[in-house]
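These are my notebook entries on one protein chain. I set out the terms as I meet them.

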Amino acid sequence: MYKSGSKHKMRSMGTKAPMAIKGLALIFLLCLGVRLISTIGAKAGTEQYVSSLMSSDKFMSAVLDLELGGPAEAGANGLSAAIFNSAIGPYKNGGGEPGTENTASATPTTTENAWGDADGSGSLFYDISKINDQDITPETSPNPAASASPNNSFVKPDIISKEAESVGLCIKNTSSYDIDVDALFKEPLNISLTGDSPAVLIIHTHSSEAYMPDGDDQYEASDTYRTQEKAYSVIRVGDELSSEFDKRGIPVIHDRNVYDFPSYVDSYSNSYKAIQSYLDTYPSIKIVIDLHRDHIEAKDGSVYKTIAQIGDTKCAQVMFVMGTGSAGLNHPNWHENLKLALHMQNEMNTLYPSLAKPIKLSEYRYNQQATTGSMIVEVGCTGNTLEEAITAARYFANAASNVILDLYK
C-alpha cells in the first residue's frame, strides 16, 4: 500500500470590496439584533451564541453564501441555516474551482429533506431500513411529500433506470442535463489499468468531518461534528477503504492530510493542488475517490443517520456525488466519471441491496475534471457512528474492487 505524508500550503481567501462591505453590514445587523435581544433579557444566551458564531470559519461561509446567492439547508432559510449547515460544495470565490474566476454560482449543499421521528433522546434519528415497514406517516414526517426510492433511501430519485430497475439503479439529477441512464450504463468504461503502479487515490477535501460520538469513539471537536483527530474523522474511514483495496491487490495511495482546517472555504482549492501533484508524480492514477461524510439535518437542527441492512449487520449508507459542467465551468468528460459511479452503484445494489443511495448528479465539478475516474463518495452521515461508517466502507470496497479489477488489461 502506498502512503503519503506530504503537506500542501493552504491559500488565503481573496477579498473583494463589495463582499467586505456586505460582510460589515451583516455584522452591524447582527450586533443590532444582539442589542435588541439583550434588552429583553436574553443577554447570557446571546453572548454565548455570538461568541461561538464569530469564532467559527462558518461565519465567513455564511457571508459568502449571502454574497453569492448560495442556498442553505434544504427547506430552511436565514443566516443560521447557512452558518450551521455542513456543506459539501465548493465556494466559487477562493475555493473549489481552481484556475477560474467564475463567481456566478455559490455553494450547493448535501442536506436533503428527510423522514424521521424522535427517539426520545433529544436527537432525531431514523433507521432507513424501516421505511418499507411504514414506520413514518405524513403526520410525523418533516417532509410529507417525500417518497422512498427503490433502494431504501429517503432521496426521491429523478431518474430510475428501466432496464436495471430490479437493483434500483437511479440518479437524483440536480444538474440541467438530461440523462439516459440505461444508454450510459451500456457504454464501456474508458479506463485502462496496468502494472503495479498506484491506480487509486483516496483523498479527503473535508478531512475534519466526523461522526456521532459513541462508545470508545470519542474525540475532541474542532467544530460541530468535526475533529482534527484522524483516528476519529473521515480519514479513519479512508484508512479502512485503503486497506480493503490493498487486500484485493489494488495499488492505492491514501492521502491523510487535512485540507479544510483552519480555512474551510479553501478546502477544494487545497485538495485540487494535492490531486494534481499526485497525478504528476503517478500518471498511473486513474481513479480519485474524494471520501466525505454526509450531513442530513431537520429544520430544528436534529440530525439523521442512514442505515443499510446487510444480512444481520447494519451499517451506514453510501452515496456518490457526481459533478457536471452545467454550471458553466469546463468539465467535458463528466459523463465518463458518472459511468464509473453507475457501475459501482450497480455492483453495490447487486451484492448489498440498500447500501447505496441514489447518485446525486450536481451542476458543480468538485475537482472531478482532474480525471475521468473521479468521484465523491459520502459514507454515512453525522448521525451515524464511526463503526457504522467503517463497516459501510468495507462493503463499498468489496463492490468497488470488483469494478476496478475488471479495468486491468
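I take helices (H or I, at least four residues) and strands (E, at least two) as DSSP runs, numbered from the N terminus. The model is predicted, so I note that local features need pLDDT of at least 70, side-chain atom pairs count only at pLDDT 80 or more, and totals for chains, interfaces and linings use all residues. Residues are numbered from 1 along each chain as its sequence is written, and side-chain values use heavy atoms, without hydrogens and water.

**Entry 1: backbone.** I looked up Ser354 in the loop between helix H8 (334-351) and E14. Ser354 is not a glycine, yet its phi is positive, about 90°. Ser354 is buried, at a relative accessible area of 7%; buried means under 20% relative accessible area, exposed over 50%, and partly exposed in between (1.4 Å probe, protein chains only). I then found Tyr366 in the loop between E14 and strand E15 (374-381). Tyr366 also has a positive phi, near 55°, and is buried at 3% relative accessibility.

**Entry 2: strands.** Which strand pairs with E5 in the parallel sense? I found that strand E14 (residues 359-361) does, over 3 bridges; pairing requires at least two bridges found by DSSP between two strands. Asn173 stands opposite Leu361 in E14.

**Entry 3: core.** A nonpolar core is a set of buried Ala, Val, Leu, Ile, Met, Phe, Trp, Tyr and Cys residues joined through side-chain atoms within 4.5 Å. I noted that the largest one has 56 residues, and that Val200 and Phe245 are among those with the most contacts inside it. Helix H9 (residues 386-405) supplies the largest share, 12 residues.
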